[in-house]
Amino acid sequence: MSKNVYIFLADGFEDIEGLTVVDLMRRAGIRITTVSIKDTREVTTSHKITLLTDTTFAETDFSDADMLVLPGGMPGTKYLGAYKPLTDLLEDFYNNGGKIAAICAAPTVFAALGFLEGRRATAYPSCMEDLKGAIRSEDSVVVDGNVTTSRGLGTAIDFSLSLIGQLLGEEKAAEIADSVVYSR
């Protein structure tokens, strides 16, 4: 049974943090859908690369989701946190025990929604102070219950492999790491 993951993209998302997750999950056989929070599928990354997402938020049904993912980057993270349909979806999904993940600045969106209260979490170094209520960690990837957080571009592969491991098992994550010549 295939797993379904949705990753939300806004103008200014960090290229590597978003696309590494997509690339490695697709290699693992996970159905990951890139979702624009704009009215158009066209999104421009923080490094001015324009791409087309698979779909837009408005035209997507998330009822089959196994995990929701937020990449970091600025101003992308601010746009994600300000987009009420997304924050409403995250709250509903989180409150029903769904797996959520964020990297770099994006864990601050989870903190603002109260998801990190009393949980271990990490984020980009300059964003750590914004993890209100969290037990802050400097680990590359932190998994606490149904919430996964990571530090930034340099931890994107570890983050992606952790998500694959959570969905398909550590053996599959190790297989994908080996296939891209990555040492964990």
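T56 is buried, since its relative accessible area is 6%; buried means under 20% relative accessible area, exposed over 50%, and partly exposed in between, with a 1.4 Å probe and protein chains only. Before going on, this is a predicted model, where local features need pLDDT of at least 70, side-chain atom pairs count only at pLDDT 80 or more, and totals for chains, interfaces and linings use all residues. Residues are numbered from 1 along each chain as its sequence is written, and side-chain values use heavy atoms, with hydrogens and water left out.

Back to T56, which lies in strand β5. Helices (H or I, at least four residues) and strands (E, at least two) are DSSP runs, numbered from the N terminus. Setting aside neighbours within four places in sequence, T56 is in contact with V35, S36, K38, D39, T40 and R41; contact means heavy atoms within 4.5 Å.

Now the sheet. Seven strands form an open sheet with mixed pairing, in the order β5-β2-β1-β6-β7-β11-β10. Two strands pair if DSSP finds at least two bridges between them. The edge strands, each pairing on one side only, are β5 (55-56) and β10 (141-144).

What covers β1? Both of its faces are covered: N4, Y6 and F8 are buried on one side, and V5, I7 and L9 on the other. Strand β1 pairs with β2 in the parallel sense over six bridges, and L9 stands opposite S36 in β2. Three bridges join β1 (residues 4-9) to β6 (residues 67-70), also running parallel, and I7 stands opposite V69 in β6.

Next, the helices. Helix α1 packs on the sheet, touching β1, β2 (31-36), β6 and β7 (99-103), and its direction makes about 155° with that of β2. Axes are lines fitted to C-alpha atoms, for helices over the stretch in contact, and angles run from 0 to 180 degrees between N-to-C directions. Helix α3 (residues 84-95) lies across β1, β6, β7 and β11 (147-150), at about 135° to β6.

Last, α1 (residues 15-27) packs with α5 (residues 156-168) at about 40°, with the axes 9 Å apart. The two helices are therefore oblique to each other; under 35 degrees counts as roughly parallel, over 145 as roughly antiparallel, 65 to 115 as roughly perpendicular, and the rest as oblique. The contact includes I16 and L24 of α1 and F159 and L163 of α5.
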